[in-house]
Amino acid sequence: TATMTNAQSSDLAGRFSITSGTGATTGLWATITFDDAFTIAPVVQFDCEDADCAGLRWYSNTSTTSTEFFIASGQADGIVYEFNFHIIGGK
């Protein structure tokens, strides 16, 4: 389950949390869709906001309309992982 915190999010930066649930697996965990499409795919940087996500290995796939957030390893069941993101360029 992924939950976006929209109050502090825009097409330039934001926060989101992901709750892993039971049987946490690797792969696509969240898709962040931009309000306005970029001309070219921007650079998206993700950062941990809590100690729980420090052991996760993640990667992303970004297009002009969204960025997909993947987990490669380190996930555990029943954890809320907190992240922030910054978007650079692309408009």
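How many bridges pair strand 5 and strand 6, and in which sense? Strand 5 and strand 6 (residues 66-73) pair over six bridges in the antiparallel sense; two strands pair if DSSP finds at least two bridges between them. Strands here are DSSP runs (E, at least two residues), numbered from the N terminus. This is a predicted model, where local features need pLDDT of at least 70 and side-chain atom pairs count only at pLDDT 80 or more, while totals for chains, interfaces and linings use all residues. Residues are numbered from 1 along each chain as its sequence is written, and side-chain values use heavy atoms, with hydrogens and water left out.

- Three strands make an open, antiparallel sheet in the order 3-6-5.
- Strand 3 (27-33) and strand 5 are the edge strands, as each pairs on one side only.
- From one strand to the next, the twist averages 25° (axes are lines fitted to C-alpha atoms, and angles run from 0 to 180 degrees between N-to-C directions).
- Look across to strand 6 from Tyr-59 and you will find Phe-70 standing opposite.

**The nonpolar core**
- A nonpolar core is a set of buried Ala, Val, Leu, Ile, Met, Phe, Trp, Tyr and Cys residues joined through side-chain atoms within 4.5 Å.
- The largest one has 18 residues, and those with the most contacts inside it include Phe-16, Phe-46 and Phe-85.
- Strand 7 (80-88) is among the strands that each supply at least two residues of this core, and strand 7 gives the most, with four.
- Leaving out residues up to four places away in sequence, Phe-46 touches Phe-16, Trp-58 and Phe-69, among others; contact means heavy atoms within 4.5 Å.
- In soluble globular proteins, nonpolar side chains tend to be buried together.

**The salt bridge**
- There is one salt bridge (a side-chain nitrogen of Lys or Arg within 4 Å of a carboxyl oxygen of Asp or Glu).
- Arg-15 and Glu-49 form this salt bridge, with their closest N and O atoms 2.7 Å apart.
- Arg-15 lies in strand 2 and Glu-49 in the loop between strand 4 and strand 5, so the pair ties together parts 34 residues apart in sequence.
- Arg-15 is partly exposed at 33% relative accessibility, and Glu-49 is partly exposed at 32% (buried means under 20% relative accessible area, exposed over 50%, partly exposed in between, with a 1.4 Å probe and protein chains only).

**Cys-53**
- Cys-53 lies in the loop between strand 4 and strand 5, and counts as buried at 0% relative accessibility.
- Beyond its neighbours within four places in sequence, Cys-53 is in contact with residues including Trp-58 and Tyr-81.
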